[in-house]
Amino acid sequence: MKTINSTKNRLAVSISIILGVGMVPTVFAAQTADNATAAPKAEEKIEVIQVSGIRGSLIRSMDLKREANGVMDAISAEEMGKFPDTNLAESLQRITGVSVSRANGEGSQITVRGFGPDFNLITLNGRQMPGTGNSRSYNLENLSSEGVSALEVYKTARAENPSGGLGATVNIVTTKPLSQPGERYSLSAKAIVDTSNEMGSDVTPEVAAVYSNTFADDKIGVAFSISHQERDFQKQTANIQGWQANVALPTLAADKVVDARPTDASGNKVGNYFFPKDMNYSIENLERERSNGQFTLQYQPIESLVMTVDYTASRAITGSESIGWGIWNEFGGNINAYELDSRGTALFADISGNDGSFTANKGTTQVDAKSVGLNLDWTLNDDWRFSLDYHNSSNDIDNGADKGSGNSGQVILGSDKLLTKIYDYRTGEIPHAMVLWANGTDELMASEIDSNFSQFTHSPGESEIEQLQLDGTWNNSVFKIPLVNVKFGLAMTDQKMGGYSGWSGLRGGPGFSPSFTYIFPDSMFTRHTTDNFLNEFSGGGSALRPHYYYTYDFDEAVARQMAFLTADVMGADVYLPDAYIDGIDSSGSVREKTNSAYLQSQWEFQAGEFPVQLNVGLRYEETKVPSRVRQKVETQVNWDSPSEWITQYQPGSDTFLEQTGKNDLLLPMLDLKVELTDDIVSRFSWGKTITRAPLGLLAGGRGLSGSPKPGSRTGSQGNTDLLPFESTNLDLSLEYYYAEGSYVALGYFRKDVDNFIQTTITETTIEGLHDILNGPRYQQAVADITARGEQATSTAIFAQMLANGHGNADGKIEPTAQDPLIVWNISQPQNTDSKTVDGFEFAVQHLFGDSGFGLGVNATVVQGDVEFDTESLSQQAPLTGLSDSANFQAFYERDGWSAKIAYAWRDSYLIGVGQSQGSSDAPPQFARTYGQWDVSVNYAWNDQLTVFVEGVNLNNETEQGYGRYEEQFLFARQYGPRYTIGMRYNFK
């Protein structure tokens with residue numbers, strides 16, 4: 001698996017450093033990392049290293065790290081068309097300080113040194129890439145690895161790099177044909193077996209091809225790569241959408257309450273208490289297709305000029321059909337009994353009212369990304385070199401890519417004919433949510449399933465970046481001073497994000513009154529047990545209550561309701577599966593225009609006996625942020641059914657809000673590298689980096705919930721004046737390179753971050769929007785019910801208000817001027833205080849001589865004053881994603897065999913602040929510790945043909961999340977192991 005044409009000596013390395021002009025040596029890049037602006041040089045052909053396989057990849061990555069300025073790590077392709085892992089994000093997590101967040105069981109986005117996806121900049125050949133959706137974070141699972149030659153992770157500031165990577169800048173380097181002349185190609189085919197799959201194909205394909213060739217005496221080069229992957233799998237989930245703090249509690253008999261909270265001197269319970277807003281379970285079957293293509297054309301008409309045109313495109317289509325079941329809770333008089341632990345979390349709750357549901361969801365999301373670029377690299381003479389680079393890149397997402405409907409749809413069936421609902425999390429890892437139905441059992445019969453409502457949404461969006469960069473380098477051959485070179489440049493970056501959305505409202509009711517059970521024949525529903533559901537968790541599987549669920553066909557449920565719930569029957573609530581039944585609900589755009597300039601110098605000198613390399617630079621940026629948002633005008637909120645409250649809008653009165661923000665900044669940097677011995681390198685880096693606010697937060701305007709149930713009266717508002725996160729960084733590291741491919745490194749880092757962004761939630765009333773809840777008519781209904789000695793549940797109150805004559809002709813309750821104003825919880829981002837994060841990184845890589853064995857271990861420990869205080873109900877601005885992490889990999893590579901086993905571990909961390917159905921204190925979302933084992937085995941049948949097998953998540957690790965405390969369950973997800981068998985043919 002390993003071929004060595006020649007071995008570099010110390011002199012050659014020194015020559016490479018000088019010729020590399022302070023950057024990562026292009027002699028190594030010739031084998032691994034083809035920089036988009038780098039022209040091939042004659043000097044780079046002095047010696048050529050061609051090492052394939054795991055060992056070669058690790059050696060090249062180590063050499064890149066050693067010779068770089070500042071703190072930098074890299075991952076190199078093992079050979080053409082083969083990256084170390086099946087996914088770019090999974091590969092990046094092998095780097096010290098990098099951990100991944102997962103989507104659908106595979107790595108998606110990265111966290112570096114505790115800073116999450118929004119804090120890390122992804123570039124493609126040095127070009128800034130647009131994020132996916134309304135964010136700056138890039139979903140790496142959508143980009144295949146076959147056309148990638150290297151990943152470069154810059155952890156310290158570089159004036160020459162585009163700004164935005166406060167945590168790190170990750171540069172994806174693709175194949176450039178003139179860097180490796182001659183014909184080379186790679187073909188691969190894989191069969192994927194996902195053990196979680198139930199509905200799709202048990203075996204799905206993945207194929208890829210990479211080709212590179214040069215012509216006309218190596219003056220013209222062409223390279224392309226194509227790939228296509230299909231994957232069918234299932235995701236099983238239990239989740240709670242939010243926890244409500246200090247809800248209204250009724251006065252109950254002593255035997256109905258267990259409260260383990262401490263008491264004060266007067267015997268009163270002390271501390272907050274929390275109840276779950278709902279409890280849901282779901283089984284989602286997904287079909288995912290990912291297609292990628294890259295094309296590069298290079299032309300070198302003269303030795304000093306290289307022209308490059310390249311195009312990269314990807315498409316990811318994910319189709320989803322799911323079934324779910326669960327309960328919805330309201331509090332106050334609905335509560336019959338409860339048990340609180342010592343910190344006030346409800347472990348058990350008996351709650352009447354509302355309903356139980358069986359839901360079906362169906363939708364297709366398509367993400368299209370493309371980037372086209374032009375680069376001119378001109379070496380004027382030995383002293384001057386210039387590069388002009390232009391690209392236009394976009395990322396479009398469409399959640400209505402279902403060709404039949406154009407929507408993402410949800411059908412909710414079920415019943416409100418229940419006695420009570422039981423939430424129980426006193427044992428096991430999965431909470432139980434059992435319903436005692438009016439039929440006297442804990443199981444709803446198929447004949448009793450009724451129509452509640454359906455809703456259909458569509459919210460496409462696009463993010464686009466247009467960027468022009470001019471870079472220059474002057475090599476000092478004039479002044480006899482330690483100055484090696486000066487780099488300088490200008491850039492103009494225009495980033496746009498926009499989209500619109502439509503919402504059908506709640507179609508077909510809502511609320512089980514009148515009843516439409518006759519629409520759905522019993523044969524439409526199939527009953528299942530939970531024996532194979534979440535069976536990797538204690539309390540899941542056959543132990544779960546409810547112990548059953550129903551499945552039904554989404555399309556049949558929609559068709560039946562369309563046929564029966566017509567305008568003649570439903571009036572304005574006619575059942576139409578159309579997100580734009582009343583037109584576009586909202587639209588908005590934000591534009592970010594940045595002009596920048598930089599100056600960076602490299603110095604080399606001796607300090608006593610020690611060779612020293614110094615890089616000093618400064619970057620200036622000026623940004624303007626215009627925003628335009630379309631807003632609907634709200635008129636009132638109706639109480640449509642015991643469980644549903646609906647916002648009404650004034651037809652044809654949409655308004656447009658235009659705002660502009662701006663900011664400028666200076667970003668200095670300094671890198672100092674000292675070679676203490678031939679094998680020991682020390683580094684000191686200081687500099688400033690930034691991350692701009694998420695694009696979605698920069699869009700001005702205000703929006704209110706269209707379904708504002710009690711406890712969920714929420715809204716949001718943007719802020720175009722948000723300043724970037726600005727970090728002052730300090731790095732110290734010591735690296736010992738003691739043998740070929742072997743080293744030990746220890747580093748310390750500190751980041752002092754200003755302008756932290758906190759999403760504050762403000763209780764606000766809006767003139768004209770009155771609240772039926774707790775108004776005089778509502779209070780009278782409560783009094784009428786309690787006077788009869790009955791329980792005042794939300795269902796009973798709604799019925800009593802109708803009986804008292806407060807419903808309209810459609811059986812809905814409208815507000816009056818005598819009702820109080822609704823109190824809305826409006827969230828808006830604001831810049832707040834400063835935060836500090838620091839930590840240590842440790843890495844060791846060892847190759848056991850020529851035995852074929854190798855080992856790599858790294859760990860990162862990070863801390864700071866950015867953690868969430870779980871005991872406080874005050875709104876906070878913590879850092880999401882902060883966690884310790886560690887990685888281990890061991891391999892054997894000899895005599896045609898190559899085998900690797902890898903383990904990635906990440907400690908628990910804060911996912912975010914705010915829960916979709918949480919209370920106004922913006923409660924947290926935490927992820928539990930996660931650890932995953934992967935393995936791969938390759939056998940080289942001959943010099944060209946390799947067969948292989950790979951296993952991902954062999955230990956069947958699951959994902960879990962919680963709120964303030966681990967007892968506040970938020971989610972549990974189960975996927976399963978995934979296996980791949982395939983073959984690869986290389987020619988070079």
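This report covers a sheet, several salt bridges and one proline in a predicted model.

## Basis

Local features need pLDDT of at least 70 and side-chain atom pairs count only at pLDDT 80 or more, while totals for chains, interfaces and linings use all residues. Residues are numbered from 1 along each chain as its sequence is written, and side-chain values use heavy atoms, with hydrogens and water left out.

## An open sheet

Five strands make up an open sheet of mixed pairing, ordered E1-E6-E7-E4-E5. Strands (E) are DSSP runs of at least two residues, numbered from the N terminus; two of them pair if DSSP finds at least two bridges between them. At the edges are E1 (72-76) and E5 (127-128), each pairing on one side only.

Strands E4 (residues 120-124) and E7 (residues 168-174) run parallel and are joined by five bridges. Threonine 123 has asparagine 171 in E7 as its bridge partner.

## Salt bridges

The whole structure holds 44 salt bridges (a side-chain nitrogen of Lys or Arg within 4 Å of a carboxyl oxygen of Asp or Glu). In one of them, the closest N and O atoms of glutamate 106 and arginine 231 are 3.4 Å apart. Glutamate 106 lies in strand E3 and arginine 231 in strand E10, so this pair ties together parts that are 125 residues apart in sequence.

Glutamate 106 is buried at 6% relative accessible area (buried means under 20%, with a 1.4 Å probe and protein chains only). Arginine 231 is also buried, at 3%.

## Proline 710

Proline 710 sits in the loop between strands E34 (702-704) and E35 (714-717). Its relative accessible area is 13%, so proline 710 is buried.

Key
Helix = DSSP H or I, 4+ residues; strand = E, 2+ residues; numbered from the N terminus. Buried < 20%, exposed > 50% of the residue type's maximum accessible area, 1.4 Å probe, protein only.
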